[in-house]
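Read it with the model open.

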2 protein chains.
Amino acid sequence: MRADFQSWIAAQQVRFEDVLRELLPRAEAAPQRLHEAMRYAVLDGGKRVRPLLAFAAGELVGADAARLNIAAAAVELIHAYSLVHDDMPCMDNDVLRRGKPTCHVQYDEATALLVGDSLQMLAFQLLAEHRLSDDALRQLEMIKLLAVAAGSRGMAGGQAIDLASVGKSLTLPELEFMHIHKTGALIRAAILLGAHCGPDTQRGSVSSAQLDKLDHFGKLIGLAFQVVDDVLDCEADTVTLGKTAGKDADNDKPTYVSLLGIHGARDMALRLHREALETLAEFGDSAQRLRELADFIVLRKF
Amino acid sequence: MRADFQSWIAAQQVRFEDVLRELLPRAEAAPQRLHEAMRYAVLDGGKRVRPLLAFAAGELVGADAARLNIAAAAVELIHAYSLVHDDMPCMDNDVLRRGKPTCHVQYDEATALLVGDSLQMLAFQLLAEHRLSDDALRQLEMIKLLAVAAGSRGMAGGQAIDLASVGKSLTLPELEFMHIHKTGALIRAAILLGAHCGPDTQRGSVSSAQLDKLDHFGKLIGLAFQVVDDVLDCEADTVTLGKTAGKDADNDKPTYVSLLGIHGARDMALRLHREALETLAEFGDSAQRLRELADFIVLRKF
C-alpha cells in the first residue's frame, strides 16, 4: 500500500466520521435512546469501504465533495442498518461487531429493530433533501438505484437466500448468486452513486458505457470482498477480526472456503481482483483510487 | 354512512388491492419465500385507511389517478412494514393481525424482519421510479416527506416512545406526543402525498396555506384514529377486531381509555372529529370525501 493511498484512506475515514456525526440525529433529541442507539450503530466503526468506493468513483468523474458525502452517507447508513438487523438473535445472533457489543446487546432487541428501520429512512431522507445532481430526474434515479440495491432483489434478498442456505450444500454458482445480492449489490450501488454525483452526462462526464464498466468493476470487487471475508473468517481470531470469528463454519453456512478450500478461495479472490483491474483499464490515471481500493479490499490480509 | 360513500370505499379497496398486487414482486420471483411473505403481509387485509385518505386528498386537488396509486401504495407499504415489525416477539409479540397469523408466525422471525426491510425499500423504489409530479424537485420533496414521517422523528420514533412507556403512567400530553408520532405522522403523510400528486401549485392547485390546513386535518384525524383504536381495543372481542383484543391493557400500556376512562376517550374522539371537520370548512364540496373519511374513522364503531 502506497503511503499516499494510506494517508488518503485515513484522512477520508476521519473526515467522513465527522460527516456522519453531523448527519445523524443528535443524541439529545427525542426519542433520545433511539437516537443514541442509531449513533452507536453507525459511528466509530468500520473501514467505510462503501463510502471510500463512492469517493473514489466520484473523484473519477470530478464530482462535488459535498454531494459525494451525502451519497456515501446514505449507502453507509443502509450498510449499518443491515449489520444491526443481521446481528439480531433471529438472524445471525451475533454479540460482537467492530469490537463492540452489537446493538441489540448494548441496547435491546426492540431498539435494534427500530434503529435499523430508522437508519433506512434517514438514508432516503438524505438522498431526497440534499441536491446531488443538477438534474432532479437523475437524483430520482439515484434514489431508485439504492432502493433496488438494498431491497428484496438486492441486499435483503441476498440475506434471505443466505438464511435459507444454512445447513445446505450450495454449488459455486448458487453461492455466487447469494453474495452478488447480499454484499455485491450495495458495493455496486456505492460506486454508481459516487459516479452519478458527477456533472451531467451531457456536459461531458461518464458515458453510460463507462457506467457499465464501473458497475462491472463493482460486481467483481464485491464478490472478491466476500471471498476474502470467508478466508479471513476462517483464519483470523476474534480479536483481529473485531467480530466473532469462525461463525460461518460454526453455523454450518456454505462459504467459499468450504467449497474451494482455503487456497482455492485465495486464488479466486486474486483472479477477481485481476479482472476488476482490467475493467478499469480505459480510465487511466483518474481511476487510480479505485485501483488502490481494489488492492486494499482484496489484499488486506493476504 | 351514505350509500354513495360506502360504495366508493368498497370500490377503492377492491381497485387498490389490484394495484398492490401488481406493484409487489411476484411470488414466483427469487427469493420466492421472501416475496411470498411480502405479499402475505400486504395483501388481503386492512381497511386501507391511509390510501383512502391519499385518494380523497388527491381528489380535492384534481390529482391524476395513476400517480395517486403510487403515492398511496408507498404509504401503505410503510404501514404494512411497521405492522410486521411491531408484531414481532421483541416488540408487541402479537400472533394475530387482520384475522390471520402475523408474518413471523406464518413464516419465521428472520423472514418477517426481512419482509419489513424489503417493504421499506419497495416504497421508496416506487416513489422514485414513477413520475408523481411534473416537477421532479417536488417529487424529491414527497420522498423526503415520507422518509421523515416514517423515521426516528416520526413513526419509528413514536414506536420507541411507546415501548419506553410500558408500565409507566404517561400524562395526556405525553401520550399525545407518542401517538402524533406513532400513528399520526404516517396519516398526515398520506394526506400530504395525495395532495402533492395534484397539478403544480403555480398552475393553480392547492396553496401552501391550504396544505397546512390539510396537514392539520391529518394531525387531528390521526389522533382521533388512535383514541378510537384504544376504545375499540378495550371494548371489542378478538374476532371483531381481527387482532388480539385487550393487548394494550394486558401489556400495561398507557391508553386514552386508561387515562380518560371510556367515556372521556369517546368524548375526546368526537371533539377531535369536530375540529378536523372545521379545518376543512374552506374547501367546500371538493373535500367531501375527506369529511366522509373523518366520519368513517371516528364513528366506525360508536
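Axes are lines fitted to C-alpha atoms, for helices over the stretch in contact, and angles run from 0 to 180 degrees between N-to-C directions. This is a predicted model: local features need pLDDT of at least 70, side-chain atom pairs count only at pLDDT 80 or more, and totals for chains, interfaces and linings use all residues. Residues are numbered from 1 along each chain as its sequence is written, with chains lettered from A and ligands numbered from 1 in the order in which they are written.

**Helix packing in chain A**

Helices here are DSSP runs (H or I, at least four residues), numbered from the N terminus. The axes of H4(A) (residues 65-87) and H6(A) (residues 109-129) come within 8 Å and cross at roughly 165 degrees. H4(A) and H6(A) are therefore roughly antiparallel (angles over 145 degrees).

**The two chains**

Contact means C-beta atoms, placed from the backbone, within 7 Å. By that test, 43 residues of chain B touch 42 residues of chain A.

H6(B) gives the most, with 14 residues.

**Symmetry**

Copies are superposed by least squares on C-alpha atoms of residues with pLDDT of at least 70 in both. A rotation of 180 degrees with 0.0 Å of shift along its axis places chain B on chain A (RMSD 0.0 Å). The two copies are thus related as by a two-fold rotation axis. In chain B, the C-alpha nearest the axis belongs to B:Ala136, 2.8 Å away.

Key: Two residues are in contact if their C-beta atoms, placed from the backbone, lie within 7 Å. Helices (H or I, at least four residues) and strands (E, at least two) are DSSP runs, numbered from the N terminus. Angles under 35 degrees count as roughly parallel, over 145 as roughly antiparallel, 65 to 115 as roughly perpendicular and the rest as oblique.
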